[in-house]
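Hi everyone, thanks for coming. Let's look at this one together, one piece at a time.

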Amino acid sequence: METNMNRETKYLRAKDRVDQLKKFYGNLTSYVFFIIGLGALNYWINEWRYMWFLWAAFGWGIGIFFHAMKTFNFFPFLGKDWEERKMKEFMNEEDNKKWN
């Protein structure tokens, strides 16, 4: 049977995860609408002779990419799994030092 502490911890983790997803989807929605607006403005001003809105799309797109990686825990080298392994490794080292 789950303890209240364990249930609260799960609840807080789930709430944090939902907050992360909401922020990401809000950021993605803003990106899509603003880039569409900048593209329309770019077309209205110079009819694609110079597509300057792509610079904004590229710059903001890089930020969206890293935000997605963080939100969906896709950091193969320095992700949460790596952090947990390192913390356990350091804790074990500390335990071994006490007995030596």
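Let's start with a pair: Lys-86 forms a salt bridge with Glu-89, and their closest N and O atoms are 3.4 Å apart. A salt bridge here means a side-chain nitrogen of Lys or Arg within 4 Å of a carboxyl oxygen of Asp or Glu. By that rule, the count comes to one salt bridge. In general, side chains of opposite charge can pair when their charged atoms come close.

A word on the source: this is a predicted model, where local features need pLDDT of at least 70, side-chain atom pairs count only at pLDDT 80 or more, and totals for chains, interfaces and linings use all residues. Residues are numbered from 1 along each chain as its sequence is written, and side-chain values use heavy atoms, leaving out hydrogens and water.

Back to our pair. Lys-86 and Glu-89 are three residues apart in helix H3 (residues 80–99), so about one helical turn separates them. Helices are DSSP runs (H or I, at least four residues), numbered from the N terminus. Lys-86 is partly exposed at 26% relative accessibility, and Glu-89 is partly exposed too, at 36%. Partly exposed lies between buried, under 20% relative accessible area, and exposed, over 50%, with a 1.4 Å probe and protein chains only.

Now, how do H1 and H2 pack? Helix H1 (residues 4–46) and helix H2 (residues 53–71) meet at an angle of about 170°, with axes 10 Å apart. H1 and H2 are therefore roughly antiparallel, a label for angles over 145 degrees, taken from 0 to 180 degrees between N-to-C directions of lines fitted to C-alpha atoms over the stretch in contact.

How values were computed
Helix = DSSP H or I, 4+ residues; strand = E, 2+ residues; numbered from the N terminus. Parallel < 35°, antiparallel > 145°, perpendicular 65-115°, else oblique.
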